[in-house]
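Here is a colleague's note to read alongside the structure, written for someone new to looking at protein models. Please keep the picture open while going through the points.

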Amino acid sequence: MEKSNFMSTFDDDFRYESIQDRESIVKYLTVLGEGIQNGRLLFGTRRKKLILEPGGLLKLEVKAKRKDRKVKLNLQISWSSDKEKGSAGADSLEIKAGKKR
Amino acid sequence: MNYSEGILSTDGIDKNFKLMVLEVVKQVEDTQKALENSDPHLISQIDARDDYIDNLKSIIENKCFYSNLHHDMDKKAMDLVRSVNIISNNLERIADLAVNIVSQIDHLPGKDELCRYEYKKFFELVLSGMELINKSLEHRDISRALKICQSEFNLDALFASNFNKVIADLRSGEDPQRLVTLLFILNYLERMGDSLLNIGEAIIFAVIGEKMKIHDFEALEDSIEAYHLEGSVADMAIESYWGTRSGCRISRVQKKSRAEGESQVIFKEGRVAKLEKERDSINLWSEVKPGLPPKVFSFQKNGKSASILLEFLDGLTFQQILMTGNSLLANEAFSKIKATLLEIWTATRKDKPTHPGYMKQCMDRAEDIYKVHPEFHFPRLQIGSIETASFSELAQKAVHLEKDLNAPFSVLIHGDFNIDNIIYNDEEKSIRFIDLYRSKPQDYIQDVSVFMISNFRQPVFVPKIRSRLNDILMDFYFFSRAFAEKSGDETFHARLILGLIRSFLTSTRFELNKEFAWEMHLRAVYLLEKFIEHRGKPWKEFRFSPSALIY
């Protein structure tokens, strides 16, 4: 699939890529941290929203890597949701998290 | 002036010459027919015509050298006579090669074999070059003359590809006699191209009175650029009929040593407005710093298009130096570039504020960028409570903010100050500027930002070269910042960031490596956000970290 940079046509797939500095990246990490704490993470464009509800046991993977001048820190959080893909609630714009593929 | 009314009609050279062109064209046409049907009658006609052509050549030669037309002839008339003599010599050579081809026919069983190679294309190229000779000389038309020269380069390329095919067929065990015969024939046709090049060069000599070696053809490259900047696909199809840069063409020139007093030239053909602009800019630059731009040898308009013959500058582009040169050479050239800029900036400074409009320039090209990279058009996004602006929102904001941002003074800028538009001659230790058609008095930051990003955008990821590019970029940043401080330019940083955003974004349209183009786009967006964050505060207080420019 061609690289789609943001929200793809698949409703449960969101992607955001940007360049930040240390100061601005913390804003994102804080928001994500709060979302996990509250059990509700919102990702969206004006038209589509993806809401993830982390709960139960979450798997955390941390990978750090340095090769030549390139450094990479990978944080991956995954879990199983009890709701199937497409079983959205009353608000048709809200699409609940599907299974992590 | 029509040449038949001039010096050449005195002794009837014009008539002999036209006849000679006609006969040689016929000779080449008949040679093709003879190859296709081996008609013995046709073959004997070709032999007979060869004698006639030899005779014509001698007549022309005699008239050129011995007749009394030399009496009070000026240089221009003499050049013309000399050129006619060179052309007729080369026409005779073409006729001889035709006879050589015909002599191979007996060794070539099976005409079907011939069709597997592009012999028809060879004939087409030779004949279309020859058809231009009379008109080109008659109208003193450099464009047509250059098209004649171009036949040689096209024939060379055609020969190279057919040569490889013959070799491949030989390796696969096909009949060597037949294939070698074929190779001879194609080689004779290719050599007709050598003569056509001499003919084209002789016509150019008659027009401008100097010996030129046609070095390179930039027509296609130019029209592609024009398409990206302002044109449409339709315009490009009309304008780009000449070949691309081919290796054989360039090596041919490099192998030959140059004759005394012979200039090498670059030819460009394109829209009248663009080339007129280039010519005028060159004149302007010559006044400011003689010898910095190339010399203009001729400028000609032909309806909508124009052609310009420029001095070919010996040396390497700064880009080539950075990619292949040693550090000493790179540093030397770079110091020279900075010294030249300081001199120009100081000499041409006009203390009247100017408005560069970087974001506007960039938005004018937005369509071209999205055509190549539709994915850059990203929407507004939300991550928890953070809302990111869409690209067009960011750009609109910046366009708006930029309205209040003027450069305090103008200097004469290059206008397209890429590292491949700067040539350094190591022997003479001199810097030259090329491609000056966008030059004008404007904010120096335009050249600064284009130069910086033209380092960044080199698609080279070898660590050694990359770190050299990064060093040049940063050094240039500090150099221009120091100039700004010395010149009392308080909004340097704010204008620079906009210039960089513009250059990052517009560079992506030439970058088909998606990942690298995306990287540049992301950096532009980052810088846009930094710029917009500062709104409401005085621009002279704005600063940004140049680390976003390091790759």
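The numbered points below take up the model itself, then the contact between the chains, then some strands, a helix and salt bridges.

1. This is a predicted model, in which local features need pLDDT of at least 70 and side-chain atom pairs count only at pLDDT 80 or more, while totals for chains, interfaces and linings use all residues. Residues are numbered from 1 along each chain as its sequence is written, chains are lettered from A and ligands numbered from 1 in the order in which they are written, and side-chain values use heavy atoms, with hydrogens and water left out.

2. In the interface, 21 residues of chain B are in contact with 23 residues of chain A, where contact means heavy atoms within 4.5 Å. The size of an interface is often given as the accessible area lost when the parts come together. Here the buried area is about 2,100 Å², and carbon and sulfur atoms give 62% of that area; buried area is the accessible area (1.4 Å probe) that two parts lose on being put together, summed over both.

3. Which residues form the salt bridge between the chains? The rule finds 1 salt bridge across this interface, and Lys530(B) forms it with Asp21(A), their closest N and O atoms being 2.8 Å apart. A salt bridge is a side-chain nitrogen of Lys or Arg within 4 Å of a carboxyl oxygen of Asp or Glu.

4. On the side of chain B that touches chain A, the elements giving two or more residues are β6 (381–383), β7 (386–388), α19 (463–486) and α21 (514–533) of chain B. Helices (H or I, at least four residues) and strands (E, at least two) are DSSP runs, numbered from the N terminus. Of these elements, α21(B) gives the most, with 6 residues.

5. A strand pairing also joins the two chains, since strand β1 (residues 41–44) of chain A and β6(B) pair in the antiparallel sense over 2 bridges, two strands being paired if DSSP finds at least two bridges between them. Within this pairing, Phe43(A) stands opposite Ile383(B) in β6(B).

6. Within chain A, strand β3 (residues 59–67) and strand β4 (residues 70–78) run antiparallel and are joined by 9 bridges, with Val62(A) opposite Leu75(A) in β4(A). Their hairpin has 2 residues between the strands, and Asp68(A) takes a positive phi near 50° there.

7. Chain B has an open sheet of 3 strands in the order β5-β9-β10, with antiparallel pairing. The edge strands are β5 (316–317) and β10 (430–433) of chain B, each pairing on one side only. Between β5(B) and strand β9 (residues 422–425) of chain B there are 2 bridges, and Leu316(B) has Tyr424(B) in β9(B) as its bridge partner.

8. Helix α19(B) has 24 residues and reaches 34 Å from its first C-alpha to its last, close to the 34 Å expected at 1.5 Å a residue; the expected span is 1.5 Å times one less than the number of residues. After α19(B) comes Gly488(B), whose phi is positive, near 70°.

9. Over all chains, the count comes to 31 salt bridges. One of them links Lys18(B) with Glu138(B), the closest N and O atoms being 3.9 Å apart. This pair connects distant parts of the chain, with Lys18(B) in helix α1 (residues 13–37) of chain B and Glu138(B) in helix α6 (residues 133–138) of chain B, 120 residues apart.
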